[in-house]
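Let's look at how the labels attached to a model follow from its numbers.

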Amino acid sequence: MKNTVKDLVRSTVISIGMALAIFCIVGVFFDITNGGNFSLSNHLFTKMVIGSALVGLGFGMPTVVYNSEKLPMPVKVLIHMGIGCIIYTVVAYVVGWFGASATLGQGLIIAAIQLAVALIIWFCFMRYYRR
């Protein structure tokens, strides 16, 4: 039990840090592509930072499922990625990373990019911890 709590805290801190780092990198990208005219109002930056931290929690907390020896790996991945991607999608819609104005095609592209990034990060962590 003690190791589970320790693992949960560790993975949560790492995932929140990664989510906030990705948020900063994407923010710098948008600032550069908009010629330095990237501005947010109505506390939108604060909402996005909190949203990024929530996404980090959404991907970090479910990692405790990997401590279970009873579940097969595909089920563990499905639980972890399912919870994380659902939380990301809800947060992204609420804070405006994509909104109701997105077409079906744009929504599918956004979902594909989200899933690809999540799987790349997951793959890197799995390779690291399998050593």
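**A nonpolar patch and its surroundings**

Q: What makes up the nonpolar surface patch in this predicted model?
A: Ile22, Val26, Phe29, Phe30, Phe38, Leu40, Phe45, Ile109, Ile113 and Val117 form the patch, which covers about 880 Å². Helix α1 gives the largest share, with four residues. Both α1 and α4 (104-130) contribute at least two residues each.

Q: How many aromatic pairs are there by the ring-centre rule?
A: The count is three aromatic pairs. Phenylalanine 23 and phenylalanine 45 are one of them: their centres are 5.8 Å apart, within the 6.5 Å limit.

Q: Why is the pair of phenylalanine 23 and phenylalanine 45 called tilted?
A: The planes of the two rings meet at 45°. Stacked needs an angle under 30 degrees and edge-to-face one over 60, so 45° leaves the label tilted.

Q: Which parts of the chain does the pair of phenylalanine 23 and phenylalanine 45 tie together?
A: Phenylalanine 23 belongs to helix α1 (residues 2-33) and phenylalanine 45 to helix α2 (residues 44-60), so the pair links parts that are 22 residues apart in sequence.

Q: Why does histidine 80 count as buried?
A: Its relative accessibility is 6%, under the 20% cut-off, so histidine 80 is buried. Histidine 80 sits in helix α3 (residues 73-95).

Q: How do you know that the side chains of histidine 80 and tyrosine 66 make a polar contact?
A: They are joined at 2.9 Å, and the limit for such a contact is 3.5 Å. Setting aside neighbours within four places in sequence, histidine 80 also touches other residues, including Phe59, Pro62, Thr63, Val65 and Trp122.

Q: What makes the phi of asparagine 42 worth a remark?
A: Phi of asparagine 42 is near 55°, a positive value in a residue other than glycine. Most residues other than glycine have a negative phi. Asparagine 42 is in the loop between α1 and α2, and with a relative accessible area of 64%, over the 50% cut-off, it is exposed.

Q: Where does histidine 43 lie, and why is histidine 43 called exposed?
A: Histidine 43 is in the loop between α1 and α2. Its relative accessible area is 63%, over 50%, so the label is exposed. Histidine 43 also has a positive phi, about 60°, although it is not a glycine.

**The whole chain**

Q: What is the order of elements in the protein chain?
A: The elements run α-α-α-α from the N terminus, with four helices and zero strands. Of the 131 residues, 22% count as buried.

Note on methods: Residues numbered from 1 in each chain as written. Predicted model: local features only at pLDDT ≥ 70, side-chain atom pairs only at ≥ 80, totals over all residues. Heavy atoms only, no water. Phe/Tyr/Trp six-rings, centres within 6.5 Å; stacked < 30°, edge-to-face > 60°. Patch = residues over 30% accessible without salt bridge, like charges linked within 9 Å, V, L, I, M, F, W, Y side chains within 5 Å. Areas by Shrake-Rupley, 256 points an atom, 1.4 Å probe, with all protein chains shown as cover. Salt bridge = Lys/Arg side-chain N within 4 Å of Asp/Glu carboxyl O. Buried < 20%, exposed > 50% of the residue type's maximum accessible area, 1.4 Å probe, protein only. Polar contact = N/O pair within 3.5 Å; in protein donor to acceptor, adjacent residues only side chain to side chain. Contact = heavy atoms within 4.5 Å.
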